[in-house]
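I begin with the strands and then turn to the ligand.

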Amino acid sequence: MQHPFETPERSAFRQSFSKFVESEITPFADEWDEAGAIPADLHLKAGAMGMFGFGIDEAYGGLGFDDCFMRAAVCEELGKCGATGVGAALGARNISTGPIAALGSEELKQRVLPQILSGEECSSLGVTEPSGGSDVANLRATARRDGNEWVLNGTKTFITGGMTSRYFVIAARTGGPGLSGISLFFLEAGIAGFDRTALERKMGWWCSDQATLFFDECRLPADSLLGPEDRGFIAVMNNFNFERLALIAQSLGMAKLCLSQSIEYVNQRQTFGKRLIEHQVIAHKIADMSARIDSLEAYLSQICWMVNEGPMPVAEISKAKFLSTKILEYCASEAMQIFGGAGYLRGNPVERIYREVKVMAIGGGSEEIMKDLAIRQMGVVE
Ligand SMILES: Cc1cc2nc3c(=O)[nH]c(=O)nc-3n(C[C@H](O)[C@H](O)[C@H](O)COP(=O)(O)OP(=O)(O)OC[C@H]3O[C@@H](n4cnc5c(N)ncnc54)[C@H](O)[C@@H]3O)c2cc1C
């Protein structure tokens with residue numbers, strides 16, 4: 001679909017990233033997913049493509065500019081590789097570099113950002129806990145001040161990249177109950193009192209790792225605090241905006257793959273003496289999928305324009321997040337139906353996408369939480 005915000009720079013950027021995905025990722029995505037990991041040098045290649053540097057100064061290894069359309073293009077093209085775990089494995093760092101760049105000390109930014117943005121090291125964000133991920137304001141991990149140090153205690157779970165990351169941004173309670181008692185901390189794997197175990201046997205995202213992180217009297221230097229004490233909740237909420245945009249764009253890419261795979265299949269598969277596409281019911285499925293995808297693409301495009309113009313369109317991002325995963329769910333289900341038994345076999349990208357719909361609908365703010373947030377942002381309820 002053509003859209004009015006396209007520029008030669010955006011289109012060239014998308015094309016080069018799309019070629020990168022087609023040549024360096026898609027042919028191997030199935031193999032990596034079955035193997036449970038992506039190769040280390042893929043991080044470096046993606047870093048060299050500029051995938052991690054949006055909105056971050058060149059002095060720290062960033063691109064020195066931001067463009068929401070380009071951010072979205074990266075995620076959409078990655079979504080088309082057919083194994084969303086690749087995007088998760090690479091992109092986990094993107095949800096932790098925002099707080100480091102915005103709130104970290106000069107020394108920290110100079111020391112760690114170039115390593116993370118080049119793809120040399122991975123970093124992760126730890127917000128979710130065993131007691132829950134939706135209710136961020138009530139998280140339970142604590143950090144208490146002790147002289148020149150912070151002492152961190154608690155558990156984080158479902159942390160993407162948690163087993164492989166060297167650097168972490170962790171949300172912990174430093175003050176009283178509720179949202180005004182939360183702070184963010186930077187820490188490095190290997191410090192005393194830090195341990196991690198992998199979450200095994202997941203439904204999807206096999207080639208990205210998720211971990212449970214344990215903090216037992218972890219002592220962090222005073223300057224590990226990112227931003228003002230007790231003001232971490234707002235930083236977490238701000239950070240969610242780009243994570244959600246990434247998930248929307250990736251869902252769009254996945255839905256487009258469901259459609260393109262379906263179109264190819266309905267043109268070759270024959271039943272009752274004619275091609276599947278010649279059965280009206282099947283042709284309508286293609287039209288239904290395509291209409292939903294077009295509407296999501298147009299919505300995302302409008303949102304990218306709003307993000308570039310500012311202020312952050314939180315209501316629209318929340319609405320597009322749940323809309324995108326509903327559209328993805330619809331497209332994955334219809335594509336599976338079109339493929340019949342062939343869609344039920346491992347190795348078919350539609351089969352994997354069908355399994356990976358739910359992580360898109362739950363991660364980074366579930367559909368229910370996104371609807372609550374949208375309603376509040378629209379001013380319909382307090
Ligand atoms: C593969 C994967 C990777 C992840 N990566 C990360 C990561 O890198 N970092 C990180 O911090 N977290 C990560 N998460 C966690 C993710 O953000 C949480 O799973 C998500 O926020 C939901 O939290 P929860 O699973 O604890 O569900 P809960 O908060 O326990 O909610 C359970 C269900 O109840 C619904 N619900 C909750 N409250 C309400 C309400 N008030 N009204 C209506 N419905 C409600 C929710 O929508 C959900 O459907 C990851 C999760 C997965 C599955």
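1. In the strand β7, Cys-218 is the residue that Leu-152 stands opposite. This is a predicted model, in which local features need pLDDT of at least 70 and side-chain atom pairs count only at pLDDT 80 or more, while totals for chains, interfaces and linings use all residues. Residues are numbered from 1 along each chain as its sequence is written.

2. Strand β3 (residues 149-160) is joined by 9 bridges to strand β7 (residues 210-221), and the two run antiparallel. Strands here are DSSP runs of E with at least two residues, helices are runs of H or I with at least four, and both are numbered from the N terminus; two strands pair if DSSP finds at least two bridges between them.

3. Strand β3 also pairs in the antiparallel sense with β2 (residues 142-146), over 5 bridges, and here Leu-152 has Ala-143 opposite. The two strands form a hairpin with 2 residues between them, and Gly-147 in the turn has a positive phi of about 60 degrees.

4. The ligand is surrounded by 21 residues (C-beta atom, placed from the backbone, within 6 Å of the molecule), and the closest are Thr-128, Gly-133, Ser-134, Thr-160 and Ser-366. At least two residues of this shell come from each of β1 (123-126), β3, α10 (349-362) and α11 (367-377).

5. Domain 2 (123-233) and domain 3 (237-377) each give at least three residues to the shell around the ligand; these bounds come from an automatic or database domain assignment.
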